[in-house]
Structure formats: structure tokens, C-alpha cells
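Here are my notes on the model, as numbered points. Have the viewer open while you go through them.

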Amino acid sequence: MKLLPALVLGSLVIGCATVEPIPNKRPLTTESIQSIGKVKVAASENNRGVEKSWFMTDSSAAGAQYGLLGALVTGVMDAIMNAGPSKRAQQAANEIAELVPADALNVSLITALQGQVPAADAVTTGISINEVGMSQKMLAPKPVNDVVEVSTSYTLSEDASAFRMIANVSYQSSKLTYATPYKFKGSVPKGQLTGPLYTNTFTYQSAQLPIPTLTADLKTRLAASIQDSYKTETGAPPAPDSQDGKALAKELEAARDEKLTKDEIAIFLTRNWLNDGGALLKREIENAHSFVAKFLVQDLNSSAVPSVTGKDELLETASNGRTVRRVGAGPEAGSYASAPGNLTSFTTYGNASAISKVSAEKIQKLSASRTKSTSSKKKKT
Amino acid sequence: MRANFSAAFCLGLIVLGGCQTIEYGPLSGEITPIYGYQETPTREGEYILLVRALGGTPETVHFMWDRRAQELCGAEYQKTLYRAERPTTSYGYYGGAPGNMVLEGFLHCGAAAAEAPATAATPAPAGS
């Protein structure tokens, strides 16, 4: 009997807690634009480099009904299933990092942003960049006041046929406070009462590489490449009864069939990106950074308030069919997207990504040095 | 006997109704189509057209996009696709799989090329 009022109350509370959808973007107001004027832009140093995405398999739900034994069996099964794709993704990230290391990404981004700094004697209105720098967010994660902060991530798709760059930009001021431009039926949610004055996202999708077709030669190269990826540090193949040995046998069997999986395609396409010293990848990275730099300045000077029910706006069409649009609807409304024309295949970006060994080591070092400095600060206080 | 037949007939209808699928239709309809479309008019004779497929092949998804474009514009139209992806779907604790194919782009009815608000000399794309 007491259950009914509790249920009614519960549903009312849930109803009250529903968050009204608003765009993630925080636009600047006309007053803020005039007040900010010349601004420094700091690129957050990218530590992960170009990541290689892949799909992680989880069969734990199937094993759960058989208790502990089932969980153990599916755990081992998952480890074998995920070993190959994970290993190959890391190998791809390693290969990329040799030619296009994280530092190269940072230099390219800085160069593109510097290209937006007007000449010293140029007359500017609204917001313009007067200085470009770099910051290491792992060591100083707090937002810096009065600086436009840009952080980027770079990912190759599951089959490596496409490359994606996402730039998240934010600006927080020491003098100005954020006042949400969005309307709410009730009180303004807590998340909209504080935080940065400006945020937005810029996404760049590369052109798609053509998918290779399966031939006898390709099969041989695929098998060789898989065997290569499983070699131990001494260059020897893994023991047949080890976990790696079993995973290798499973993958070689799959490689001999008449299907070319996305994971297998990635082995070849990663190398296409890296031909000629990584020229193709470097060019796309530069294009991506030019896009961010150009539209970031435009967007900083726009006080337009997006809506979750708006319409996409086409901003630019290049002769090769590439478009730049301002997303019109949903939580991404107001963000910018640069996409290629002539899309044919359907890109997937997985639910996991691998980074190169070099990047992992760098992150580990930074993390250790941060822990060290935090503990020494605590000691002093 | 007659009552049994009627009951079986009704049951059959219910079962068949439950399994009812259509190959092609609007995403906003009562029955979810295998190839569903949704268009948003932007200006007169211009749309943002999206096709979401529950299965099928990439070629068929492209075909269905063109099919809807022809229904909206007739034989002559310009298309500028900007999204061809399979967004990741999650399952279990940490599993992920490719979701349904989504194809989206600008549709401009008529033979003339779509007039963009601004045209820029974007560098040549990779692979071109």
C-alpha cells in the first residue's frame, strides 16, 4: 500500500531531474567579443599522437549465466578475440609515430594558428589572435584564464580508410563570467552557471582511401604481416600453446578465408597513409589544422546562439566536393565539421583506440613527474 | 470449428502484424523501414537528406538516398554528401560494434550546381 505513493513521488522526482537538451557550444556575446579583443591561443600539447581505433569485443554477458566458470571462460575468450585487433592497432600506431610523431602534430597546429595572427600594423575588429603558445595539460591541467585553449585528438578509422581530427576549444576569462544564452523552463542547471565563457568543437574528416580488393598476393602479404605483428622482441614467433600463439593461429585462419575484414584492410591502408614519408597523412593533418585555425577565429567572433532544433548550414564548398558546415541540430549544434565529398564507404571509429609505444612511454613519464611534483607540493605545505 | 478458425486467423494477423516490416519509407512512420529516410527542408528546393539502414549493403544505402532525392526533386538534383558512417554501439560492459549505416548530405533540386554561400580554395584532399 505504501508502494504507490513512493512510486508516484519517485516518478515526479525523475521528471523534475530531466535535463533539457541544449547545445554543447557556448558562444560569446557581442559585448564579450568587444571586451576580449586581442587574445593568446595556447595549443595543448598532444601526447597521444595519431591513434588507431578498433572494436573491443565483450562476451561477458553470455558467460555470466554460467557463474564464475562462465566468466572465466568468456574472459579468456575475449582476451584471445581482442588480442589480435588490439595488437595490430598498436602496431599501426607505432608505424605512424615513426613518421608522424605527436611533436609533428603540435608543430603543425601551432603553425596553422600562427597563420591567423594578423600583421602588427593590421587594423582588427572583434577578437584576433596576438600570440600562439603551447601548454602541457598533463602537468598543468587547470584551465588558464584569458587564453583560448585548443586540445586535439587524431584517430584513424577501424579500417584505416579515413582519418579524423577533433579540436575542442575553450576560453575562460578572469574578468567576464559566463551567462547562459539558453532558455530553460525551470531554473538554470548548475552546469550552466559556471565554467568557460566559450566552448566549441571542430571536426575534420579526411577523404576516404579506396578499399583494397582481395587477391592471392594480398592474402600472402596479409598472413606475413600478421605473423610479423606477433613476433616477440627477439624476432621469434610465439609458442603455439601460449595465448599469443593461439590468437596468431586464429588470425591466420581468418586471413586465409575469402573475406577481408576491416581490421585486415587496416594493415594495408595504414601503409598507404605512410607512403612517401607519410606525405598523405601529413597533408591531411595540415588541412585539418588550417580548417580549425580559420573557423576558430570566425567562430570566436560570432555571437549566434545555436539551437538543438536548428538546421545545418553550409559554409564552404571546395571544388573537390569537400564541405564545411555548421552543425544545426542536436547537442553538436554550432560545432563545425569539414567533410570530404564523394563518400562511398561507411566509416567506423570503434570503441577503443591504441596509441604508439613512444606515446605511452611519454604519458607515463609525464604522469610520474606530475605525481612527484604534487607530492613535493604537499610536503611543502 | 468456425470459432477456432477465426481465432487462428486473428492470431495469424497479430503475428504477421508484429513481424511487419517495409523495405523503404520515412523514419517517422509507424513501421521502422529497413531503409528509412528523413529530410529537412532548408530553403525552397533544398534539403538535408538522411538515410538510415537497418541492414543491407553500402551500395543499396546510396541507391536509397538517390531514390528519395528523385522523389523530392525529380530526375535532376545535386547532392553533396557529408556523412557516411556506422556510429559505434555499445553492449555488455565494454563491448562495441558498428551501428546502422547512416548516409546524410545536402540535396539541391535542379540541374544547376548548388550555390554555396562561400567558396574557398580548400587544399586538395588526400587520395585525390
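**Notes on the two chains**

1. Let's start with a helix. In chain A, α5 (residues 102-114) is 13 residues long and spans 19 Å from first C-alpha to last, close to the 18 Å expected at 1.5 Å a residue. That expected span is 1.5 Å times one less than the number of residues. Helices here are DSSP runs of H or I with at least four residues, strands are runs of E with at least two, and both are numbered from the N terminus.

2. Before going on, some housekeeping. This is a predicted model, where local features need pLDDT of at least 70 and side-chain atom pairs count only at pLDDT 80 or more, while totals for chains, interfaces and linings use all residues. Residues are numbered from 1 along each chain as its sequence is written, and chains are lettered from A and ligands numbered from 1 in the order in which they are written.

3. Back to α5(A): which of its residues are buried? They are A102(A), L105(A), L109(A), I110(A), A112(A) and L113(A). These residues sit on the same side of α5(A), because they cover an arc of only 160° around the axis. Buried means 20 or more other C-beta atoms within 10 Å of a residue's own, exposed means 12 or fewer, and partly exposed is in between, with C-beta atoms placed from the backbone. The arc is taken over the directions from the helix axis to the C-beta atoms.

4. Now look at α6 (residues 216-230) of chain A, whose 15 residues reach 22 Å from first C-alpha to last, close to the 21 Å expected at 1.5 Å a residue. L222(A), I226(A) and Y230(A) are its buried residues. They line one face of the helix, since they fall within an arc of 65° seen down the axis of α6(A). An α-helix has 3.6 residues a turn, so residues three or four places apart point the same way. On the other side of α6(A), you'll find D217(A), T220(A), A224(A) and D228(A) exposed. The cover over the buried residues includes α7 (243-255) and α8 of chain A.

5. What about the largest nonpolar core? It has 93 residues, and those touching the most other members are A93(A), L113(A), F202(A), V292(A), L296(A), V51(B) and V61(B). Such a core is a set of buried Ala, Val, Leu, Ile, Met, Phe, Trp, Tyr and Cys residues joined through C-beta atoms within 7 Å. Helix α8 (residues 262-300) of chain A supplies the largest share, 16 residues. Domain 1 and domain 2 of chain A each put in at least three residues.

6. The contact between the chains uses 35 residues from chain B and 36 residues from chain A. On the chain B side, the elements giving two or more residues are β2 (33-43), β4 (77-85), β5 (88-91), β6 (95-98) and β7 (101-109). The largest share, 6 residues, comes from β4(B). By class, this side of chain B has 20 nonpolar, 12 polar and 3 charged residues. Ala, Val, Leu, Ile, Met, Phe, Trp, Tyr, Cys and Pro count as nonpolar, Asp, Glu, Lys and Arg as charged, and the others, Gly among them, as polar.

7. Two backbone angles deserve a look. Most residues other than glycine have a negative phi. D146(A) has a positive phi near 60°; it is found in the loop between β3 (128-135) and β4 (147-156) of chain A. D146(A) is partly exposed, with 14 other C-beta atoms within 10 Å. D276(A), in helix α8 of chain A, has a positive phi of about 55°. D276(A) counts as exposed, with 8 C-beta neighbours inside 10 Å.

How values were computed:
Contact = placed C-beta atoms within 7 Å. Domains from an automatic or database assignment.
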